[in-house]
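Hello,

Have a look at the model before you read on.

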Amino acid sequence: MKVEEGVALSRFTTIGTGGPATAFARPETVEALEEALAWARERQLAVATIGLGSNLLVADGGFDGLVLKLGGELAAAEIEGERLVAGGGAANAVCLHRARAAGLGGFEFACAIPGTVGGGVWMNAGAYGSDWAAILERALVVDGHGAHWLGPEELGLTYRRSALRHGQVVARAEFRLEPRPEQEIKAKVSELQALRKAAQPTNKRTFGSVFKNPEHELSAGRMLEACGLRGHQIGGAQISLRHANFIENAGEARSADAIALMAEARRRALEQFGVELEHEVEFLGPLELPPLGA
Ligand SMILES: Cc1cc2nc3c(=O)[nH]c(=O)nc-3n(C[C@H](O)[C@H](O)[C@H](O)COP(=O)(O)OP(=O)(O)OC[C@H]3O[C@@H](n4cnc5c(N)ncnc54)[C@H](O)[C@@H]3O)c2cc1C
C-alpha cells in the first residue's frame, strides 16, 4: 500500500480550503482498505475518508491522521437486476448515469448532490423529498474490526445524519431502484437541475448548505437573509448573494474565514430568532465554532 505524506486537502474539497493530511492513501479493493485501516491502527492514527469533499471544511492546519480516498472497484458503479451496486467512492453522477442507462429510477434526486455514495450514507444526503434512507438497501462498512453489511436502521439514518464514526468506511452500497423509462428520468433530472440553478450558487466554490434547517417556519437560508447576511464577507469567504445558507470561496479563502462567518451567522440567528443553528457541513481536523454567547 502506498502512503503519501503531507497531501494538501484543499485539492480535495469543493470549497478549496484545508491544510495537509499527515498520511493519505487510495485503496482500490476491500483488502487494500483493510490493510490501510490496520496500518493506521498500528500507528494509533485517526482515520477519515474523503469523498468528493462537497460537504467538508478541513482545518487550515490540516488533519493529523490517515485520509482515505477510495478508488478502483471501490469507486465503480454497476447495475445488477433492479439494484444499483456501487463502491463507497463512486460519484453520484456516475451512479445516476448507470441507473438512467438501465432504465431504473429513484436516484434522480441525487443529481443535485455533487458527492459520492459513501458521503451520502455518512449524512443521509437528500434533496427534493428523497434521501439515501429511502433507497439504500444495505452498505458494507469496513472498520478496524472487519467488514459488515448494515441496513438503513443499523446505519442510524435520520435527517442529514447517520450513526457512522470516522474510521468506519462505507466500501460498497446497494440501492433498490425501480423500472422507469429513460426519457422520464432525463426529464426529471433536467427539471431538478433547473430548480437548483434558479435557487442556489451552482458555479461557485461552496460546500453546500452551511446549516441544517431548524424547526422553524423559516429555513436557515431565509433566516440568515432576514439577518441581512447576504453578501457578508470575512477574509476570502462570502455568504452567497444567491442563497444565504451557502458560503462561497470568493478567492484565497481559508477555513478560518468560513468559521468566522458561521459564528457570526449563528450569533445573529440567535439574537434575532432565538434559534441555535446547527452546522450541516462536516468538520475535519481541529475546527470548532465558538459557543454561542461567548
Ligand atoms: C453545490 C452543492 C449542493 C449540495 N446540495 C446538497 C443537497 O441538496 N443535499 C445534500 O444532502 N447535500 C448537498 N450537498 C452536500 C454534499 O454534496 C453531500 O453531503 C454529499 O453527500 C457529500 O458527499 P462527498 O462524497 O462529497 O463527502 P465528503 O464531503 O467528502 O465527506 C463528507 C463526510 O462524509 C464522510 N465520508 C465520505 N465518504 C465516506 C465513505 N466512503 N465512508 C465513510 N465516510 C465517508 C467524510 O469523512 C465526511 O465526514 C451539496 C454540496 C454542494 C457543493
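First, a term for what follows: two strands count as paired if DSSP finds at least two bridges between them. Helices (H or I, at least four residues) and strands (E, at least two) are DSSP runs, numbered from the N terminus. Please keep in mind that this is a predicted model, where local features need pLDDT of at least 70, side-chain atom pairs count only at pLDDT 80 or more, and totals for chains, interfaces and linings use all residues. Residues are numbered from 1 along each chain as its sequence is written.

**The four-stranded sheet**

Strand β2 (residues 20-25) and strand β5 (residues 63-68) run parallel and are joined by four bridges. In this pair, alanine 25 sits opposite leucine 68 of β5. Both strands belong to an open sheet of four strands in the order β1-β2-β5-β3, with mixed pairing. β1 (4-8) and β3 (46-49) each have a single partner strand, so one side of each is left without a neighbour in the sheet. From one strand to the next, the twist averages 45°. Axes here are lines fitted to C-alpha atoms, for helices over the stretch in contact, and angles run from 0 to 180 degrees between N-to-C directions. Helix α1 (residues 30-42) packs on this sheet and touches β2, β3 and β5, a contact meaning that the C-beta atoms of two residues, placed from the backbone, lie within 7 Å. The direction of α1 makes about 165° with that of β5.

**The five-stranded sheet**

There is also an open, antiparallel sheet of five strands, ordered β6-β7-β13-β11-β12. The edges are taken by β6 (77-80) and β12 (146-150); each has a single partner strand, so one side of each lacks a neighbour in the sheet. Neighbouring strands are turned by 15° against each other on average, direction ignored. Strand β11 (residues 136-143) pairs with β12 in the antiparallel sense over five bridges, and alanine 139 stands opposite leucine 150 in β12. α1 packs on this sheet too, touching β11, β12 and β13 (169-176), with its direction at about 45° to that of β11. Helix α2 (residues 92-101) touches β6 and β7 (83-87), and its direction makes about 30° with that of β6.

Glutamate 174 in β13 is the bridge partner of valine 85, while arginine 172 in β13 stands opposite leucine 140. How many of the eight residues of β13 are buried? Six of them are, so the strand is mostly covered, where buried means 20 or more other C-beta atoms within 10 Å of the residue's own, exposed means 12 or fewer, and partly exposed lies in between, with C-beta atoms placed from the backbone.

In the loop between β12 and β13 you will find leucine 164, which is buried, with 22 other C-beta atoms within 10 Å. Leucine 164 touches Trp122 and Leu155, leaving aside residues up to four places away in sequence.

The domain assignment, automatic or from a database, gives domain 1 (4-68), domain 2 (75-198) and domain 3 (220-284). The centres of domain 1 and domain 3, taken over C-alpha atoms, are separated by 26 Å. Their contact takes 12 residues from domain 1 and 10 residues from domain 3. On the domain 1 side, strand β4 (residues 56-58) gives the most, with three residues.

Helix α7 (residues 255-273) has 19 residues and reaches 26 Å from first to last C-alpha, close to the 27 Å expected at 1.5 Å a residue, a span defined as 1.5 Å times one less than the number of residues. Its buried residues, including Ile259, Leu261 and Met262, pack against β4, α6 (220-226), β15 (233-234), β16 (237-239) and β17 (247-249). Alanine 265, also in α7, is buried with 25 other C-beta atoms within 10 Å. Beyond residues up to four places away in sequence, alanine 265 touches Leu224, Leu229 and Leu277. After α7 comes glycine 274, with a positive phi near 70°.

Best wishes
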